[in-house]
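Subject: Handing over the structure

Hi,

Here is the structure I promised to pass on to you. Have a look at it first, and then read on for what turned up.

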Amino acid sequence: MTAAAPAPADHTRLLEQLADVLGPAGVLTAADDIDPFCTDWRNLYHGRALAVLRPADTDALSAAVRLCVAYGVPMVPQGGNTSMVGGATPDDSGREIVICMSRMNHIRGIDPHEMTMEVEAGVPLKVAQDAARDAGMMLPLSISSEGSAQMGGVLATNAGGNNTVRYGNARELVLGLEAVLPDGEVFHGLRRLRKDNTGYALRQLFVGSEGTLGFITRAIIQLQPAPKEVEVALCAVGDAQGALALFSAFRALDPALIQAFEYMSGTGMALVNELIPGAALPLEQPAPAYVLVELATPRPDANLREFMEGVLADAMENGIVTDAVMAESEGQRTNLWKLREEHAEAQKRAGASVKNDVSVPVSRVPELIARATRACEELIPGIRPAPFGHLGDGNIHFNLVQPTDMSGDAFLARAHDIMDTVADIVRDLDGSFSAEHGVGQLKPYMMAEWRGGAELATMRRIKAALDPQNLMNPGKIFPPAASAPASG
Ligand code: 2HG
Ligand code: ZN
């Protein structure tokens, strides 16, 4: 028989015990210290927390988790706090404890023969990328928030980004994992084996679990050879159909060279031009839509430039591409990527916006963009659809910016209508309502309808088996049980 958990009100004693385990620097309780951890990057959620914990290693985290469990206190894991769906923000009860992973920030080693890197959860993605590059390799995961996003969060959300078209999502890069389970026990799965058929691939359970099944503390990541030749082009196209035709042209000749294939609408590009200092479109005329394509190869003698020029020349001849510019230097490559990477920031500066991080089969991206644009324009006249994203893997950020003659609040009051309108079309096209940003606390209400029945019921059983008290990141992913259908 287990002893009854102390009453949640006995928090003073809990905080004292946590300070014993983590040291004074490991427990923040002053409102000013805690506040930044209680608001998400998009400013959609403003929670409260009992404390913020900053463990320095796995053992300290494990001990802290055991204490929180004993007191029945819910825990919210947080990395770089860059979630788009409020996935790392506490609720407003003031009962939850945020556990920030940023002190666990060591790169434990890089193995040039295995081409692997062992990282702790709090290492920022950009730091891990730079370390791989300094070792003559590449960590093939690139997302707009990579300067702040930390490896633990990147894995817990199965981040995707610009290179998914070639290397897959975070899930595909994880060879091994260490995690602290919801009861404080440590899951030791830091293996680096290519072949290891010994039952369930438990490490993959934590990838994409959004912190609901425990804390990812360390991982072994597969690296790739550093590219020796890289070519980047920005192309003007008539519409998404043209963008898809260009993708197919590259893919038919050599899919293995495509490192990124990104779509941008004319509206989104105009916002970047207008609102981001230093961003300038290097083409003579604005176009209805654009593609940014990056090719890369580890071979130094691949004549990549010739290949890219050849494909683009053909595409211009048959009218798919109306104008194009190829980067001549690394500086120009960075400038072209800036036009793509600043889309989220430009949309933030343009006023209120509604995001739809959706995916459909690649071949249906043009239909998605055409139908969702029409439907949203009918729903709210003057709305500004500004879709962009990872066309090469079918993930489009079908984002909408408020009309110029409507207040931001009035626009956001229609957010669910807009999301439902887009979701209906995505469902019709066999897509997903959350391609790479996760479910967090923004979208659990969609889970019962989209992943109900056996799928959600199985997720609930796994959750209940590992976290019977529902203390790990509650309120994320799962809709409240009462609102789920009987089977889900
Ligand atoms: C990107 O691809 C990010 O730039 C952000 O996933 C997308 O702001 C967004 O909707
Ligand atoms: Zn994205």
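Around ligand 1 you will find Ser144, His343, Ala344, Lys355, Asp357, Gly389, His397 and Asn399. By type, that shell splits into one nonpolar, five polar and two charged residues. Please keep in mind that this is a predicted model.

One of the residues around the ligand is Asn399, so let me stay there for a moment. Asn399 sits in the loop that links strand S20 (395-397) to strand S21 (400-401). Is Asn399 buried or exposed? Asn399 has 24 other C-beta atoms within 10 Å, so it counts as buried; the cut-off for that is 20 or more. Leaving out residues up to four places away in sequence, Asn399 touches Gln347, Ser353, Val354, Lys355, Asn356, Ala386 and Pro387. Among these, Lys355 also belongs to the residues around ligand 1. For a sense of scale, take Val76, which is 323 residues from Asn399 along the chain: the two C-alpha atoms are separated by 28 Å.

Helix H14 (residues 365-379) and H16 have axes that come within 10 Å and cross at roughly 150°. H14 is therefore roughly antiparallel to H16, given that angles over 145 degrees count that way. The crossing of H14 past H16 is right-handed. On the H14 side, Leu368, Arg371, Ala372, Ala375, Cys376 and Leu379 make the contact, and on the H16 side Asp417, Ile418, Thr421, Val422, Ile425 and Val426 do. Sorted by type, the contact of H14 with H16 has nine nonpolar residues, one polar and two charged.

H14 also packs against helix H9 (residues 240-253), at an angle of about 170° and with the axes 8 Å apart. That angle is why H9 is described as roughly antiparallel to H14. Here Ala240, Gln241 and Leu244 of H9 meet Val365, Pro366 and Ile369 of H14. The residues of this contact come out as five nonpolar, one polar and no charged.

Which residues of H1 and H3 meet? From H1 they are Leu14, Gln17, Leu18, Val21 and Leu22, and from H3 they are Ala60, Ala63, Ala64 and Leu67. In this contact of H1 with H3, eight residues are nonpolar, one is polar and none is charged.

Val85 is in the loop between strand S3 (75-78) and strand S4 (97-100). Val85 counts as buried because 25 other C-beta atoms lie within 10 Å. Setting aside neighbours within four places in sequence, Val85 is in contact with His437, Gly438, Val439, Gly440, Gln441, Leu442 and Lys443. Arg461 is 376 residues from Val85 along the chain, and their C-alpha atoms are separated by 24 Å.

Ile220 belongs to strand S10 (residues 215-222). With 24 other C-beta atoms within 10 Å, Ile220 is buried too. Not counting residues up to four places away in sequence, Ile220 touches Thr116, Glu118, Leu175, Gly176, Leu190 and Arg192. Compare the position of Met406: it is 186 residues from Ile220 along the chain, and 49 Å separates the two C-alpha atoms.

Asn43 is not a glycine, yet it has a positive phi of about 65°. You will find Asn43 in the loop between helix H2 (31-34) and strand S2 (51-53). Asn43 has 8 C-beta neighbours inside 10 Å and so counts as exposed, the limit being 12 or fewer.

Asp430 is the other one: its phi is near 60°, again a positive value in a residue other than glycine. Asp430 lies in the loop between helix H16 (415-428) and helix H17 (444-451). Asp430 is exposed, with 10 other C-beta atoms within 10 Å.

That's it from me. Over to you!

Technical notes
Residues numbered from 1 in each chain as written. Chains lettered and ligands numbered in written order. Predicted model: local features only at pLDDT ≥ 70, side-chain atom pairs only at ≥ 80, totals over all residues. Contact = placed C-beta atoms within 7 Å. Helix = DSSP H or I, 4+ residues; strand = E, 2+ residues; numbered from the N terminus. Nonpolar A, V, L, I, M, F, W, Y, C, P; charged D, E, K, R; others polar. Near = placed C-beta within 6 Å. Axes fitted to C-alpha atoms, helices over the stretch in contact; angles between N-to-C directions. Parallel < 35°, antiparallel > 145°, perpendicular 65-115°, else oblique. Left-handed = near helix turned anticlockwise from the far one by under 90°.
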